[in-house]
Amino acid sequence: MYFRSMMNKSDIEGVKTLISTPKRISIIPHRNPDGDAMGSTLGLYHVLKQMQHEVQVIAPNAFPDFLAWMPAADQVLVFEENKKKATEKLQQSDIVFTLDFNVLSRTGDAMTSVLESLDTTFVMIDHHQMPADYAKFTFSDTTYGSTCELLYILLQELDLDALINKDAANCIYTGIVTDSGSFRFPKTTSQTHQVVASLIEKGVNNPEIHNALFNNSSYNRLQLLGRALQNMVILPEFRTSYLYLTEDELNQFHHKKGDTEGFVNYGLSIDGIDFTAFFTENKEEGIIKISFRSLGDVDVNEFARTHFEGGGHINAAGGKSTLSLPETLERFKSIIASTKS
């Protein structure tokens, strides 16, 4: 099957040469990894393992429980939980692949310091805007809806399609389905569906994966969703909504990493709303974490970069605030009033 590719041919040949003999390789997702980050890193892991490389996925911090079923997820080394071993692995690496992020700071301060000190070859595979220049080989394309879809095309360009076994296919499919909103988001193309068809032919059980990702809510998570929806505020004159959760509310319902995944999307399900935000209070880090979503040409990437030290895609981005939650909400409303009036 033919797939479009605008990848630099010299970079393709360079990576082919780089991985042609067994190497010590580390593969890294961004901090607070989601389905696309873990799917792409583990997908690449399964391919490189078959080439006799010594491979280690090193996540900056823990990933959500709803991704723990993924093949080899139990082999992931978490930097925050074992900094000594993770640092040693990174320092011993001949190659470091970074997937689903494009600036080293997305791994957190401590891990960034280690990465910046390395004398090794970096390879970036990512679909976000404004990539940094830390990698010798960069595969960055914002037209893709997920890093996993981009990874699949890259593996074809590297003539490694035959090594996308069932385990790798399951991981890559996971990233595509989560970052595409189950194929609802605008960057879902005919190629996306062709890639998924190829993955299913490789053994992916798509209903089983969908159930593992989306039909495993705990009672506490549903209660937490109910509270977030109770906290929703509509600003109809600005076609905007927002939700929030305080740290006390998160603790009340025994919040675990990943429990609030997807909550932000409920703010866009309301008729007449094209911009929404979700605020969560994190007193330990001293910040308010913010997710932004939009419809059409409402650019939340630019909004997040300009006002909340963040960024991402046109219709999906993240940011943060060091103000209190009430102050952050007031600032958000004030900005909305001035930018969407």
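Does Ala 72, at 17% relative accessibility, count as buried or exposed? Ala 72 counts as buried, because its relative accessibility is 17% and buried means under 20% relative accessible area, exposed over 50% and partly exposed in between, with a 1.4 Å probe and protein chains only. This is a predicted model, in which local features need pLDDT of at least 70, side-chain atom pairs count only at pLDDT 80 or more, and totals for chains, interfaces and linings use all residues. Residues are numbered from 1 along each chain as its sequence is written, and side-chain values use heavy atoms, with hydrogens and water left out.

Start with the backbone at Ala 72. Its phi is near 75°, a positive value in a residue other than glycine. Ala 72 sits in the loop between β2 (54-59) and β3 (77-78). Helices (H or I, at least four residues) and strands (E, at least two) are DSSP runs, numbered from the N terminus.

β2 and β3 pair in the parallel sense over 2 bridges; two strands pair if DSSP finds at least two bridges between them. Ile 58 has Leu 77 as its bridge partner in β3. The open sheet has 6 strands, ordered β3-β2-β1-β4-β5-β6, with parallel pairing. β3 and β6 are at the edges with a single partner strand each, so one side of each is left without a neighbour in the sheet.

Strand β5 (residues 121-126) runs parallel to β6, and 4 bridges join them. The bridge partner of Met 124 in β6 is Thr 138. In a regular strand the side chains alternate between the two faces of the sheet. Helix α1 (residues 9-18) lies across β4 (95-99), β5 and β6, and runs at about 125° to β6.

Next come the helices around α6. Two packed helices are described by the angle between their axes and the distance between the axes. Axes are lines fitted to C-alpha atoms, for helices over the stretch in contact, and angles run from 0 to 180 degrees between N-to-C directions. The axes of α6 and α7 come within 10 Å and cross at roughly 150°. α6 and α7 are therefore roughly antiparallel to each other; angles under 35 degrees count as roughly parallel, over 145 as roughly antiparallel, 65 to 115 as roughly perpendicular and the rest as oblique. Ala 169, Ile 172, Tyr 173 and Ile 176 in α6 meet Thr 192, Val 195, Val 196 and Leu 199 in α7, where contact means heavy atoms within 4.5 Å. That contact divides into 7 nonpolar, 1 polar and no charged residues. Ala, Val, Leu, Ile, Met, Phe, Trp, Tyr, Cys and Pro count as nonpolar, Asp, Glu, Lys and Arg as charged, and the others, Gly among them, as polar.

The loop between α6 and α7 (190-201) holds Ser 182. Ser 182 has a positive phi of about 55° although it is not a glycine. Its relative accessibility is 28%, so Ser 182 counts as partly exposed.

Helix α6 (residues 166-179) also packs with helix α8 (residues 206-214): their axes come within 11 Å and cross at roughly 60°. α6 and α8 are therefore oblique to each other. Asn 170, Tyr 173, Thr 174, Val 177 and Thr 178 in α6 meet Asn 206, Ile 209, Leu 213 and Phe 214 in α8. The residues of this contact are 5 nonpolar, 4 polar and no charged.

The other sheet is also open. Its 6 strands follow the order β7-β8-β9-β10-β12-β11, and the pairing is mixed. β7 (233-235) and β11 (311-312) stand at the edges with a single partner strand each, so one side of each is left without a neighbour in the sheet. Strand β8 (residues 240-245) pairs with strand β9 (residues 275-282) in the parallel sense over 6 bridges. Tyr 244 has Phe 279 as its bridge partner in β9.

Phe 279 leads on to Thr 328. Thr 328 touches Phe 279, Ile 288, Ile 290, Phe 308, Ser 321 and Leu 323, not counting residues up to four places away in sequence. Thr 328 is placed in helix α12 (residues 325-339). Thr 328 counts as buried, at 0% relative accessibility.
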